Amino acid sequence: MQSNKTTSFAFSKSIKTPAQMQPCTPELLNAAFDDQHVSDTCQKIAAKLQEVKEGTLVREDFNNLKTKLKEDNLPVVCFHASFSDGYRHNQTAVPSGLSIYDVDHLEIDPRAYYINKVKGREVELGISLAHISPSNEGIRLVFEIPQGMTLEEAQRWMADRLEDDTYDGCVKDLARCSFVVCRDYVLYYDEEELFKEREVTLPVTIVTTDSAISTPSADKEYEDNFEGISYPNIVNSLEDVLGGAPAQGARNNFIYAMSCYMRYVCNDDPMWIAQVLPRYGEDEQKFLATVRSVCNRPQNMDFPDVIKRALKLARTRQQADELAEANGIHAPKPPVMPQRLTKFMRLITKNVPEHLKPAVAMGIFPSLGVHCKGVKFRYNDNALVEPTFMNVLVAEMSSGKSCVNEPINAIMLDIKEKDAKNRKLMQEYKEQYDACPADEQKPERPKGLTIQWVKSDMTPAAFVQLMADAGGRFLYTRMDEIGMLNQLKTNGKGNNVTEILRLAYDCGEYGQERVGTKSVSECVEVRWNWNASATPGKCRRFFKDAMLDGTLSRITFSTIYTDDDRMPLYGSYDEKFKADVQNFITHLNDAKGLIVCKKANTLAAKMLEENRQYSALADDDSYRELSYRATLSAFKRGMILYILNEQKWCREIEDFVRWSYHYDMWCKMWIFGENMRRAMELDRAVLVPGRRNLMELLPDTFTLDDLNAVRRAQGMKGDGAQQLRKWVSRGYCTYDPVTDTYTKSPQFLAKHPKAA
């Protein structure tokens with residue numbers, strides 16, 4: 001043990017300048033507390049947190065914004081130590097005798113936590129400063145370390161006194177710093193106590209240069225990510241940016257280069273770097289000596305382009321992995337439905353067992369959309385779209401596919417009652433028409449007799465006439481089997497009805513011209529929502545010729561998944577249930593014109609980008625083709641829930657929209673994925689006469705993405721990374737790790753003048 005007297009801890013104007021640590025004084029700290037720039041930054045973070053609570057900003061985006069605001073604008077204080085060389089790292093840290101105690105992500109107001117657990121006990125606990133954290137979700141206590149304790153022991157001591165097990169257990173190294181907050185966030189401040197001279201007794205091993213790296217202890221805990229990116233992801237991406245793992249003989253130089261860049265994301269801590277960096281087959285002592293020498297040399301603390309590119313690549317890969325997990329495309333079962341739902345969704349799914357709720361939640365939207373007349377939404381491509389929905393429930397026999405019927409009946413109750421009256425009037429008209437002698441004036445067909453819930457067994461003429469009678473309203477059909485769609489044949493020819501299905505999704509024009517006085521001659525915009533069900537085999541056979549014509553992307557699919565073979569127990573669909581459902585339906589009936597929700601468009605934009613990245617990284621053309629309209633359908637579902645929720649956006653709607661997209665895509669890939677891939681490969685094969693020199697198809701300077709695009713155009717599978725390595729090794733091109741580009745070599749250009 002060693003003992004010394006100290007009064008100093010360190011201050012810096014920015015976390016980005018760890019080489020400019022200076023002794024903190026009361027004047028410096030007070031000026032930072034009262035800095036208007038600091039106050040404005042705290043207010044901006046608080047405003048963004050409020051958006052998270054209101055459901056208009058996702059937590060991940062908030063964390064990224066918060067981190068950037070703090071790093072760009074807030075000074076830092078290292079209460080644990082001062083630094084003999086002015087550089088914030090453990091090797092030259094001089095302990096101050098103080099410790100910080102962080103409690104993050106509180107579910108209650110941080111002020112309430114302070115009042116309940118700390119207020120009045122400051123002297124007892126040795127606390128000289130208490131303030132709310134910049135995130136506005138936590139609290140920080142600065143206290144004197146009890147004599148003889150290490151930082152970690154002091155943390156546990158304070159946690160025991162506060163009966164708290166939620167504190168940040170990673171606050172253990174001397175170079176750990178804290179962001180300064182505005183004066184309004186300060187809950188307690190004893191300036192004299194904070195800056196007093198104190199006797200410090202700490203284990204020598206904490207501050208000794210050699211011990212900081214010679215034994216990277218498993219007991220020392222470090223954060224497992226940098227700005228949300230896992231360290232293994234960062235290491236792998238940095239390896240790729242630097243040209244791949246080293247060959248024998250180049251290990252030490254490669255470790256040196258990797259360590260130089262990892263300093264920027266490991267707090268310049270050699271122990272931290274040694275913990276996350278592979279050895280690449282190098283001797284342990286030689287590896288540690290290399291890392292130590294890197295951290296002992298001065299360097300500019302502005303992030304170089306190489307580490308920026310590695311972080312960008314790592315973040316993209318991590319997002320793709322997270323998307324793949326969330327999408328569940330290759331998972332054995334579909335994504336789990338969110339537990340928190342909107343009021344309407346809770347009501348409409350409450351009477352079915354848990355495993356049937358997803359089928360009901362997805363299957364009700366065609367009947368909901370039918371209630372919207374003249375309602376339009378503006379999508380992200382600036383197109384006006386309508387609530388068109390077509391749903392197929394695909395599941396094995398006797399699995400409970402009828403679970404959607406009663407919820408749909410409750411939703412369609414008002415339309416069914418109107419239809420009954422209009423059907424009666426229409427029947428009376430037909431009887432009068434037939435009873436009238438041929439030489440007398442026949443009665444005219446009544447106007448405005450709208451019938452919306454129609455059967456699938458109708459001729460194209462009847463379909464067009466019913467659509468014209470509807471006057472811009474939607475028709476609705478429910479079918480027990482997908483094959484019943486063929487009862488409505490396109491112009492009475494063949495067994496393929498997919499043309500009308502595509503028109504129905506896009507509200508396209510459809511009709512017929514006839515010369516007979518009794519024939520139907522109308523041209524209408526097709527507004528037709530429907531539900532159908534099928535077994536997996538029948539569904540694949542029905543759509544076997546529609547793999548590439550856009551039909552599948554327009555239809556939403558759902559399924560029933562369960563390991564429980566017991567008979568499902570349903571709730572009661574009584575009059576109260578129906579009345580409660582109809583109370584919500586009035587919002588759809590009352591909606592008119594263009595309905596705008598910017599938060600829905602913002603979510604759609606994020607999902608489109610996420611899906612673009614995932615399909616590119618997964619190199620799955622079938623997923624990409626299906627994802628575009630699946631995102632649009634999810635957007636429409638969100639807008640319907642938005643109207644049902646009295647046009648108030650909430651987190652429950654956002655979660656449901658995301659889930660419904662991933663669920664729909666899982667079902668599509670499960671049912672059609674492999675068939676679509678084969679169809680697309682066959683389609684491409686017809687267009688590709690033979691292989692060409694791929695480098696001739698590339699510009700003189702190109703990227704891996706450029707090569708992959710050329711490979712796909714030539715009908716080739718897989719990634720071109722291995723091909724590029726061969727080209728580089730054979731001298732066809734050179735690689736620039738800074739710009740991540742490849743350039744054709746002079747030798748290649750000399751042999752291939754056309755490419756030049």
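Author: Buried means under 20% relative accessible area, exposed means over 50%, and partly exposed is in between (1.4 Å probe, protein chains only). This is a predicted model, in which local features need pLDDT of at least 70 and side-chain atom pairs count only at pLDDT 80 or more, while totals for chains, interfaces and linings use all residues. Residues are numbered from 1 along each chain as its sequence is written, and side-chain values use heavy atoms, with hydrogens and water left out.

Reader: Trp666 first. Is it buried or exposed?

Author: Trp666 has 5% relative accessibility, so it counts as buried. Trp670 is at 33% and therefore counts as partly exposed.

Reader: Where do Trp666 and Trp670 lie?

Author: Both are in helix H26 (residues 651-687), four residues apart, about one turn of the helix. Helices (H or I, at least four residues) and strands (E, at least two) are DSSP runs, numbered from the N terminus.

Reader: How many aromatic pairs does a search of the whole structure find?

Author: It finds 27. Rings of Phe, Tyr and Trp (its six-membered ring) pair if their centres lie within 6.5 Å; planes under 30 degrees apart are stacked, over 60 edge-to-face, and the rest tilted.

Reader: Why is the pair of Phe463 and Tyr510 edge-to-face?

Author: Their ring centres are 6.2 Å apart and the planes stand at 65°, so the pair is edge-to-face. Phe463 belongs to helix H19 (residues 460-470) and Tyr510 to strand S19 (residues 509-512), so the pair ties together parts 47 residues apart in sequence. Phe463 and Tyr510 are both buried. Trp666 and Trp670 form a stacked pair, at 5.6 Å centre to centre with 25° between the planes.

Reader: Which residues form one aromatic cluster?

Author: Phe365, Phe389, Phe656, Trp659 and Tyr663 do.

Reader: Switching to helix H4. Which residues are buried there?

Author: In H4 (residues 110-117), Pro110, Tyr113 and Tyr114 are buried. They cover an arc of only 95° around the axis (taken from the directions from the helix axis to the C-beta atoms), which puts them on the same side of H4. Ile115 and Asn116, on the other side, are exposed.

Reader: Last one: where is confidence lowest in the chain?

Author: Helix H8 (residues 211-214) is lowest, with a mean of 38, and helix H16 (residues 365-369) is highest, at 97. These are pLDDT values, the predictor's confidence in each residue from 0 to 100. The chain averages 83, and 87% of the residues score at least 70.
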